[in-house]
Each structure stands twice: as structure tokens, then as C-alpha cells.
Protein chains: 2
Amino acid sequence: MRITVLSGGVGGARFTRGLLALLRDRHPDGHGGTTAEVTVVANSGDDMWLHGVRVCPDLDTLMYTLGGAVHEEQGWGRRDETSRVSADLAAYDVGWDWFTLGDLDLATHLARTQWLREGLTLTEATERLARRWDLAGQGVRLLPMSDQPVETHVVVADAEGGGERLIHFEEWWVRHRAALPALRFEQVGLAASTPAPGVLDALTSADVVVLPPSNPVVSVSTILAVPGVRETLAASPAPVVGVSPIVGGAAVRGMAAQCLATVGVDATAEAVARYLGRRGPDGTPGLDGPGVLDAWLVDDVDTDAAAALRADGWRASAAPTLMHDVPTTARIAAAALALVGA
Amino acid sequence: MRITVLSGGVGGARFTRGLLALLRDRHPDGHGGTTAEVTVVANSGDDMWLHGVRVCPDLDTLMYTLGGAVHEEQGWGRRDETSRVSADLAAYDVGWDWFTLGDLDLATHLARTQWLREGLTLTEATERLARRWDLAGQGVRLLPMSDQPVETHVVVADAEGGGERLIHFEEWWVRHRAALPALRFEQVGLAASTPAPGVLDALTSADVVVLPPSNPVVSVSTILAVPGVRETLAASPAPVVGVSPIVGGAAVRGMAAQCLATVGVDATAEAVARYLGRRGPDGTPGLDGPGVLDAWLVDDVDTDAAAALRADGWRASAAPTLMHDVPTTARIAAAALALVGA
């Protein structure tokens with residue numbers, strides 16, 4: 001079964017790890033073999049140049065999580081991480097000292113930067129990095145949404161000047177914990193970007209497309225906004241199912257509620273589904289373009305949302321969606337696939 | 001007293017540290033004060049891009065040595081260095097695994113790379129890095145020879161192809177320990193480079209110019225080969241004194257003998273002086289252009305060399321020149337300055 005996942009960082013990575021476990025469980029050999037062909041299209045809109053190296057937060061979280069090297073409690077970064085370089089770097093007064101570049105994480109950035117500077121595309125550099133984590137051996141192909149640099153910035157009110165100023169998404173997210181009111185997002189390079197090789201094909205040739213519980217605004221919608229992606233997904237023969245990242249009116253983790261507020265969407269499981277929109281001639285468009293979902297899985301606490309969506313023609317159901325561990329997450333993946341008969 | 005030093009890495013850095021100690025000793029306050037105005041023009045021809053960051057071996061050795069942070073036994077790199085990033089990077093199979101990028105050293109490269117990518121010149125980035133090491137507080141201004149990238153490559157015989165191939169100087173030096181016969185050096189970018197701001201002025205306005213015991217071929221001559229430097233030094237009103245890096249027919253450290261062999265110069269204290277050439281209308285040109293020296297200090301074991309040079313019209317003398325520690329090195333600096341009456 002070919003499955004394509006449009007993923008942000010922590011939530012998407014954990015979901016994909018559970019999905020892979022499910023596919024291994026289902027494999028007829030009964031010994032953890034896999035016939036999975038899972039293409040993960042990662043948001044690369046949080047990427048940035050920092051201290052001269054290219055940092056790709058979501059791609060790295062996916063690699064580390066699927067490669068068994070992630071810092072489990074934190075959800076991102078490497079296990080047994082240290083910050084010897086960062087600590088010394090601070091003595092040079094280079095700024096961004098609130099953003100800790102872990103030593104092991106830095107090795108990834110250096111390898112990527114070397115290859116990008118040698119002329120490889122981000123897709124090619126990602127494929128090389130992924131070799132170490134044996135993603136191919138697990139039936140996974142990891143793709144950035146685009147080979148062009150796209151960087152999400154946040155327009156915030158400038159308290160002093162009375163005007164507006166632009167800060168990098170990571171500064172808003174990590175330094176300000178999204179507490180600085182965001183007026184809007186500006187995604188530098190997004191309108192002129194093109195989908196990375198293989199992305200559109202992964203949307204049309206898949207047996208199922210899954211939107212895992214990633215940030216619907218800055219992760220999922222950023223991928224969808226790469227010109228051609230949203231339209232291709234809306235028209236794909238593959239069924240599309242999403243898992244709500246909002247449970248009981250709040251993000252399970254991260255600051256998706258603040259992102260939703262910025263684009264004027266309520267932080268509810270139902271509102272996020274409508275924000276993304278329902279596909280088909282009898283569907284309803286999303287806020288930013290044609291609808292992309294066929295089905296929506298919400299948490300048990302949001303049974304009402306599922307009922308409201310069903311009353312409106314959606315395929316929707318409720319199940320436990322908190323990803324406590326890999327077996328739990330595999331069951332969530334199974335529930336999502338079941339919604340579209342897969 | 002304004003002194004300008006044309007320096008490579010380890011030898012030049014240790015000499016300069018001794019020179020600064022001498023100037024503090026001579027200061028009338030008797031408490032380590034300094035009125036030194038020492039400009040160090042560093043070879044930047046060993047610089048390279050490695051894993052996407054800019055590595056400047058000689059500038060860094062100078063900073064760490066003068067800043068009290070150098071790995072004393074090794075002569076380069078940081079004290080208490082570790083290689084956590086390098087070790088992890090090796091798992092990505094990026095090559096250059098024989099070149100260890102220390103974690104603390106990497107912090108320097110990251111800061112520099114950030115500033116270069118922001119559009120600062122190498123001179124400006126070096127000045128910012130030097131703040132941490134309080135070079136200005138010691139009366140030292142550290143300049144790269146040029147703001148343009150210059151990279152020394154080594155042409156070696158290609159055993160398989162029967163032809164030639166080019167490798168970066170650091171590969172020849174660090175990986176092959178200069179044991180691979182070098183046919184010649186090719187310095188990419190050198191002919192088109194210009195002296196960094198302040199370099200020519202430091203040669204003409206100095207009270208003394210010193211060539212410390214640095215590698216005469218790949219360090220000193222590389223600085224001299226930046227268009228304008230050799231001619232300016234040859235015509236400068238400042239006296240120029242050099243200290244031989246060759247003692248008893250061999251390099252004190254490093255592989256200067258192999259470099260001298262490559263340019264057809266004997267590894268003797270006398271031959272190196274003649275390679276650099278003697279200034280003035282009654283002087284003799286060096287191998288690569290007008291002579292740049294007035295005086296030459298050799299080691300006690302090379303008294304014959306000093307005599308031979310004196311017989312030929314040079315100012316030359318012999319003294320202990322092995323830089324065992326800072327006080328010893330201060331005495332070497334004093335002997336060098338005495339040769340030109342400073």
C-alpha cells in the first residue's frame with residue numbers, strides 16, 4: 001500500500017512512526033517485515049540559515065524520530081544531546097542565543113550545508129542524510145515540499161515604532177513561545193516555489209494520502225501552498241484523511257491555537273477541518289483554496305465535532321488520538337485509514 | 001613603537017606572543033602595561049570552506065594563542081577541545097574525516113561564517129572574533145592578508161592516471177603530512193586578490209616590520225604574493241627583520257622543508273634568507289621578486305649561515321631561537337629587534 005503523508009515536525013513524525021508500526025504489524029510475514037511505501041512530504045517552511053548553516057527543523061525531526069534517535073520526551077532533536085558548541089558560540093555575541101543548536105544536531109546541519117553548497121538540491125541532500133537513519137530500509141522516502149528555500153516569517157506589532165516588524169517563525173515560536181501577537185504570516189519564497197521532484201506524483205499515485213496531526217496553519221497549509229500542491233491533492237484519485245491536531249479546543253502540543261487565531265480560525269477540531277476544506281463537487285472549499293480532505297478523525301472528546309461534520313456530508317469519526325506511545329499511535333493510524341477504507 | 005608582523009600559524013603566533021611580552025616588559029609602568037601597536041597580517045591562503053563553514057587556520061591560531069586559549073602542546077586549536085560534532089558528522093560519510101573540527105573551534109567557524117554570509121568582509125569578521133580574545137586590549141590588530149578568498153592547492157602526481165591532480169593544501173598538510181611529493185603550489189585567487197584594508201599602510205607606517213619564524217613558502221611568501229604587498233614592503237621606510245624558521249637544516253616544526261623543496265630552495269637558514277631576498281639598491285632580489293629583508297636572525301647552531309650572509313652585505317646574527325616558552329620567545333624577539341636597532 002502506498003501512503004503519502006504531509007507532515008510538519010513532532011506531531012507528523014510521531015504519527016508516521018506509528019503508521020510504520022501498523023504497516024509492519026499488518027505484514028504477512030508476522031516478523032516486522034514491511035511492504036510499506038510511505039512517502040513523507042515535509043514542511044520546509046520553518047527552514048533557516050543560522051550561523052551559516054542550513055537548519056531544517058521538520059525534516060530533522062522526521063529523520064531522528066523514524067531513525068530511532070529522537071529525544072523522546074522533547075519530541076525533537078537528538079537523544080543524549082549536548083550544547084558545547086552553542087555555549088562557546090555565545091561568547092562571540094552572535095545573537096540567537098535562545099536557540100540552542102545541539103552538537104549532534106549540528107552535525108546534521110553541517111553535512112546538509114556542505115552538500116547544498118556543493119550544488120545538491122535539498123531533496124538530494126535529504127536523501128543522503130536519510131541513508132544514515134535507514135529510512136529506505138523502513139520503506140520510507142522523505143521529501144521536502146520544495147527544493148526552493150521558503151521561510152515563514154511572522155508580522156508582529158512593533159511596540160516601539162507603532163508599526164509592524166517581521167521576525168523569523170522560529171524566533172516567534174522558540175523565543176517568544178508564540179506569545180507575541182501575530183498579525184499575519186509572510187512566507188518568503190513560497191509563491192515562487194515549485195514542488196520538489198516526486199511530490200505531485202506522490203499525491204496522485206498514492207493509495208491513501210494522510211494529513212497527520214501537524215500544525216494546520218504553518219505546517220500543513222504551507223505544504224499545500226506550494227503552487228500546484230493544493231490543486232493536485234484536491235484532484236487526486238487517492239482518498240485523503242486527516243487527524244485533528246486540536247483536541248478539546250486546544251492543541252495537543254505546540255502553539256497551533258495561536259497560529260489558528262492569526263488566520264481567524266477557531267481552535268476546534270471542526271473548525272480546522274473546515275479550514276482545510278472538503279473535496280469533491282459537493283464539498284466545500286477551505287479558507288485558502290479548494291478543499292483537500294475526504295475524511296477527518298477527531299479525538300473522543302470531540303464526538304460533537306465529528307457529528308456536526310457528518311451532518312454536513314463529511315466522513316468523520318472519533319477515536320482516542322493522543323499519541324502516548326508507538327502502539328497507541330499505530331491504532332490511531334489504523335482508525336484514520338479505516339475512515340477511508342484502507 | 002609600531003610593529004607589523006607577517007605571520008603564518010603556530011610559529012608566527014608564538015613569536016608574536018613573545019613579542020607582546022617583550023613590549024610589556026619594556027613598558028615604563030613596570031606593571032605589564034603596553035603601548036604596543038602591533039599589527040599582525042595573517043596568511044589567509046590556507047583558508048577553506050569545510051562542511052559549509054569558513055575555516056581560517058592561521059587567523060584562528062593567532063587568536064587562540066594571543067587570547068590565551070590555545071592548546072599549548074599542539075600549538076593550534078583550543079585548549080580542552082573535544083570532537084563531539086566531528087564524531088557524529090563522520091556517520092554521514094561527508095569525507096574529510098581525517099580533519100577534525102573541534103567543537104570549540106567550530107564555534108569560531110560558525111560565528112565567522114554567519115558574519116561573512118551577512119556580508120561582512122573577512123577583516124570585519126576577524127575584528128569581531130578578536131573582541132572575545134581582547135586582542136585590542138593587548139595593543140594588537142589582527143588583519144587577514146586579503147579579504148578575497150585565496151586557497152593554496154598542491155599539485156601532486158596522480159599515481160593512477162600518470163598525470164597530475166590538485167588537492168587542497170590542508171589535505172596535503174594534514175592528511176598526507178606533506179609526504180606526497182608536491183610538484184608545485186597553485187594559489188587559487190591569489191593573483192586577483194588585493195591587500196586587506198590597512199595592510200599596506202601597516203607596512204609603510206611601521207617602525208619595524210618582522211617576519212617571524214613562519215613557513216617561508218606557504219605562509220610568508222603567500223602574504224608577499226598578494227599584489228602590492230611585496231613591492232610595498234621592498235620600498236617601505238621601515239626596517240625589516242626576519243627570524244629563520246629553519247634551524248640546523250630542518251624546520252623547527254611543521255613541514256617547511258618539503259615546501260622549500262617544492263620551490264627548489266635548500267632547507268637551510270641561509271637559503272631561506274636568500275629566497276626572501278635583501279632590500280635596497282645594493283640588495284639581491286628574492287626568488288619571487290624584489291628582496292624584502294634588511295636583517296636575518298638565525299639560530300646559534302647556524303652561526304656559519306649568519307657569517308656567510310654578513311660577508312655578502314647582510315645584517316645577520318645568531319642567537320638561541322627555539323621558542324620554548326614565553327620568556328625565551330621574548331628574548332628572541334628582542335634579538336630580532338636589536339638587529340635593526342629597535
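In this predicted model, helix α12 of chain B, residues 303-311, has B:Ala305, B:Ala306 and B:Leu309 buried. These residues lie on the same side of α12(B), because the arc they cover around the axis is only 100 degrees. An α-helix has 3.6 residues a turn, so residues three or four places apart point the same way. B:Asp304 and B:Ala311, on the other side of α12(B), are exposed. The packing partners of the buried residues are α11 (269-276), β13 (295-299) and β14 (315-319) of chain B. Just after the helix, B:Gly313 has a positive phi of about 95 degrees.

In chain A, strand β4 (residues 53-55) contains A:Arg54. This arginine is buried, at a relative accessible area of 4%. Leaving aside residues up to four places away in sequence, A:Arg54 touches a set of residues including A:Asp47, A:Trp49, A:His109, A:Arg112 and A:Glu151.

Over all chains, the whole structure holds 18 aromatic pairs. One pair is A:Trp172 and A:Trp173, which counts as tilted because the planes stand at 40 degrees, with the ring centres 6.3 Å apart.

In chain B, B:Tyr64 and B:Trp133 pair edge-to-face, with 5.7 Å between centres and 75 degrees between planes. B:Tyr64 is in helix α2 (residues 57-66) and B:Trp133 in the loop between α5 (122-132) and β5 (140-144), so the pair ties together parts 69 residues apart in sequence. Both residues are buried. The charged end of B:Arg78 also sits over the ring of B:Tyr64, 5.6 Å from its centre. Between the chains, A:Arg132 lies over the face of B:Tyr92, 4.7 Å from the ring centre.

Methods: Residues are numbered from 1 along each chain as its sequence is written. Chains are lettered from A and ligands numbered from 1 in the order in which they are written. This is a predicted model: local features need pLDDT of at least 70, side-chain atom pairs count only at pLDDT 80 or more; totals for chains, interfaces and linings use all residues. Side-chain values use heavy atoms; hydrogens and water are left out. Buried means under 20% relative accessible area, exposed over 50%, partly exposed in between (1.4 Å probe, protein chains only). Helices (H or I, at least four residues) and strands (E, at least two) are DSSP runs, numbered from the N terminus. The arc is that of the directions from the helix axis to the C-beta atoms. Contact means heavy atoms within 4.5 Å. Rings of Phe, Tyr and Trp (its six-membered ring) pair if their centres lie within 6.5 Å; planes under 30 degrees apart count as stacked, over 60 as edge-to-face and the rest as tilted. A charge sits over a ring if NZ of Lys or CZ of Arg is within 6 Å of the ring centre and within 35 degrees of the ring normal.
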